[in-house]
Amino acid sequence: MQRELGTAFLAENQFLLPGFVLCRMSTLLFFSGVTMNKVSLILAVLILSTQAHAMDLPFDNMNGFPSNKIKIDYSGFTEPVEPVNNNRFSLQIPLYYGANDILNMSLRGSNLTVPKGIEIPGSTLIEVPESLATAELGLQYTHKMDGERTIGGSVSYGSASDRMFSSNESITLGASLFYSFPSENNDRWIWALFYTNNSPVFRNIPIPAVAYYFKRSTVLGAVGVPFIFLRYTPFEAPWAFTLFDLVTIVKAEVSYGPPISSYFVGFDWNQQTWLRHDVQDTDNKLYFDEKKVFVGTRFLLAKMIFTELDVGQSFDRSFYEGQGLGKKETGTAFLPSSWFAAWNLKFEY
């Protein structure tokens, strides 16, 4: 039965076959080894959304045009000892899909809960709120031009705070423009411009980006500025080695098995940001920095549902306030290391 489900899934949803290598970043990356024109490269490139989701590049496959799928994604994280929980949800719905144009609407949200009494040292003690949430509504537009070229953009509006939408300063805004065109060997170039006012890496400044996507017999890659992604699959063996780096956002994974049933071990370094409702200087965001090591499995739960389950340890994690990476305005509140369990469900129709 599992084989029959897998075969049907391969035939109908080749672009989804990859796994969920970057889902812990709230960042989702799907990669496939099936056919070149159905390789899914929704790649986390810049941290643009209000919940530290990565900005999805505006195409689902190597022909540069996104799919018209309804996409639902839910992930959770919990610790059996420390009462730390993190839940994320995203929904994408196509509003219009024509021969040369597509308009998608997206909705994203997250909620992080931490123990009471975490205090950040400084000139005055700052108590970290027990609940930190984000919500974001976005629109994404893509137009297909001659020669498999595409152009488009996106906008988003939301909030990231312990009291969402409580002030103008808690509002999060994001926007992007892109131009994509094919290259030799069925590779692809993307030129883009991104902006967000709520990102752990780049904030309040337009960021130009360029990326070159390629696939060879054993390597799938996206090399660009300011990031790099590489996935190495040696020969016909079911091993895969994956690396993503964007300044202090780092993902690394070694997996074994076919896309519809695999096991993995990995490392994750990530940050999230919010604005406290009672902060004195609204330029100072609340940062949460965290590292994880983990083992897990991903598999096809049903015909259109992918599942990922993993366990591991989170460590070297802390809260602080500042105006960006390396620009701390307070001391640092450290959380003890802890074991965790995490899960992810993704549905596409």
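Entry 1, one phenylalanine. I looked up F306 and recorded a relative accessible area of 0%, so F306 counts as buried. I placed F306 in strand β19, which covers residues 305-322. I then checked F306 against I260: the two are 46 residues apart in sequence, and their C-alpha atoms are 8.0 Å apart in space. I note here that the model is predicted, and I read every value below as computed from that predicted model.

I asked which residues have the most contacts inside the largest nonpolar core. They are L112, V128, W274 and F319, in a core of 20 residues. The elements that give two or more residues to this core are β17 (261-274), β18 (285-302), β20 (333-335) and β21 (338-348). Of the contributing elements, β18 gives the most, with three residues. I followed L112 in detail, leaving aside residues up to four places away in sequence. The residues that L112 touches include W274 and F319, and I also listed V84, N85, N86, E130, S131, L132 and F288 as its contacts. I found a second, separate core of 17 residues, and F194, F202, A211 and F229 are among its members.

I counted 14 aromatic pairs. I noted one aromatic cluster, formed by W189, W191, Y212 and F214. I then looked for charged ends placed over rings. The charged end of K328 sits over the ring of Y320, 4.6 Å from the ring centre. The charged end of K292 sits over the ring of F340, 5.5 Å from the centre of that ring.

I wrote down the general point first: side chains of opposite charge can pair when their charged atoms come close. How many salt bridges does a search of the whole structure find? The search returned twelve.

I examined E136 and R108, which form a salt bridge with the closest N and O atoms 3.8 Å apart. E136 lies in strand β8 (residues 131-144) and R108 in strand β5 (residues 101-113), so this pair ties together parts that are 28 residues apart in sequence. I checked the exposure of both partners. E136 is buried at a relative accessible area of 5%, and R108 is buried at 14%.

I turned next to D278 and R276, whose salt bridge has its closest N and O atoms 2.8 Å apart. Is D278 buried or partly exposed? I recorded D278 as partly exposed, with a relative accessible area of 41%, whereas R276 is buried, with 9%.

I then took D316 and K291, whose side chains meet in a salt bridge at 2.6 Å, N to O. D316 belongs to strand β19 and K291 to strand β18, so the pair ties together parts that are 25 residues apart in sequence. D316 counts as partly exposed at 39% relative accessibility, while K291 is buried at 14%.

Technical notes
Residues numbered from 1 in each chain as written. Predicted model: local features only at pLDDT ≥ 70, side-chain atom pairs only at ≥ 80, totals over all residues. Heavy atoms only, no water. Phe/Tyr/Trp six-rings, centres within 6.5 Å; stacked < 30°, edge-to-face > 60°. Lys NZ or Arg CZ within 6 Å of the ring centre and 35° of its normal. Core = buried A, V, L, I, M, F, W, Y, C linked by side-chain atoms within 4.5 Å. Buried < 20%, exposed > 50% of the residue type's maximum accessible area, 1.4 Å probe, protein only. Helix = DSSP H or I, 4+ residues; strand = E, 2+ residues; numbered from the N terminus. Contact = heavy atoms within 4.5 Å. Salt bridge = Lys/Arg side-chain N within 4 Å of Asp/Glu carboxyl O.
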